[in-house]
Amino acid sequence: MVDSNVQNQLLKYKEQIQSLNEEKKEGQGRRTAEIFFSFDIVNSSAYKTLNFTGWSQVILPLFSKIQQMVAKKMPSAEMWKILGDEMVFLVPVRERQDVFIYISDIFEILNILVVQLKKGIFFEGLDLHPWEKDLMRMQNIISLKASAWIAIIGDGIKRPEQYDNLIKRFQLQEGYRIFEFLGNDIDTGFRIKQNTQERRLVISYELAYILSRDTDYLENIHIITYKRLKGIWNNRLYPVIWYHDKKLAGETAFEDSFYYDEYESSELVKAYFSDREKPLLEEKMYFDVDYALKKILKDQHLEDKFFRMDEVIEESKKEERHLLDPGAQ
């Protein structure tokens, strides 16, 4: 029979070990790979000025439509916030193939809604007078643009790793809190989304590289130009990349998707054509997407980042998580 003092000592050691394990677990927290994406209403200010008494009858239903389509296509997605006339979502990546599925879904939602807005189909289901619907169609003002990026998110992490981005929860009052994400990839996302325009989906370098691993997707990745983005990559040139899937764009190839006067009206489109006429960098950095992405990977020493991202995706395969769940700790 074990002496009671020994039993008490063993129980004490067990409690100490459990406490250490819990502290270690708490310090490690958990990590997930998340795709952040946004839909932004184009020309919303001009639209509100022209329709100052009835703009909400269109803008609010458009927000609702976006949210419904995202929920249907991506049930795991959560809406993070609304910034003016922009909705920002995030969705967890459980398997590498999720990246391909979700980017395709985002592009499809974008194209469906742009077509509905431009053809006036969207206004048919709204509570508007017939003459108001006709006016909306004739104005042909509002449209959508989109952006997407990927980030490793640490939740409850005390000692962040090199590629971690963190979620911070702020309790404002009982039952109400806000969420913020902090980190380099979050900053990058908000920088790249300034480099898209009507009916276009801009994606981060990381998303483009992941997609390029499947050569069938290379034709959907288009390097528009290279720009210095404030605070990103130590002021080195960053590739502005647009995603375009011909099958989801009415069988319209990327080269045929420009408006007749877009070269004159868009600085990004102007840069796209000018860079190919007089390349600032090696020609293959514009014409050979696979080469350009791999060259950047090597020169920016990003191999470890993708290894870590793969590890995080593998680790979180079966894990349930709701980062924005009000009950989350």
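A pocket here is an open set of grid points with protein on both sides within 12 Å along at least five of seven lines. I am working on a predicted model.

**Entry 1: largest pocket**

I looked up the volume of the largest pocket and found about 370 Å³. I then checked its lining, which has 18 residues. Closest to the pocket centre are Tyr163, Asn184, Asp185, Trp233 and Lys305. Helix α7 supplies the largest share, three residues. By residue class, I read five nonpolar, nine polar and four charged in the lining of the largest pocket.

**Entry 2: second largest pocket**

I get a volume of about 310 Å³ for the second largest pocket. I list 15 lining residues, and the closest to the centre are Asn111, Val114, Val115, Arg199 and Ala249. This lining divides into five nonpolar, five polar and five charged residues.

**Entry 3: α8 against α12**

I turned to the packing of helix α8 (residues 205–212) and helix α12 (residues 289–299). Their axes lie 10 Å apart, at an angle of about 120 degrees. Angles of 65 to 115 degrees count as roughly perpendicular and those over 145 as roughly antiparallel, so I log α8 as oblique to α12. I note the crossing of α8 and α12 as left-handed.

Which residues make the contact? From α8 I have Tyr205, Ala208, Tyr209 and Ser212. From α12 I have Leu293, Lys294, Ile296 and Leu297. I sort the contact residues of α8 and α12 into six nonpolar, one polar and one charged.

Definitions and conventions
Residues are numbered from 1 along each chain as its sequence is written. This is a predicted model: local features need pLDDT of at least 70, side-chain atom pairs count only at pLDDT 80 or more; totals for chains, interfaces and linings use all residues. Side-chain values use heavy atoms; hydrogens and water are left out. On a 1 Å grid over the protein atoms alone, a cavity is a set of points where a 1.4 Å probe fits but cannot get out, and a pocket is an open set with protein on both sides within 12 Å along at least five of seven lines; lining residues have an atom within 4 Å of a point. Grid points are joined across faces, edges and corners, and a volume is the space filled by probe spheres set on the points. Helices (H or I, at least four residues) and strands (E, at least two) are DSSP runs, numbered from the N terminus. Ala, Val, Leu, Ile, Met, Phe, Trp, Tyr, Cys and Pro count as nonpolar, Asp, Glu, Lys and Arg as charged, and the others, Gly among them, as polar. Axes are lines fitted to C-alpha atoms, for helices over the stretch in contact, and angles run from 0 to 180 degrees between N-to-C directions. Angles under 35 degrees count as roughly parallel, over 145 as roughly antiparallel, 65 to 115 as roughly perpendicular and the rest as oblique. A crossing is left-handed if the near helix is turned anticlockwise from the far one by less than a right angle, and right-handed if clockwise. Contact means heavy atoms within 4.5 Å.
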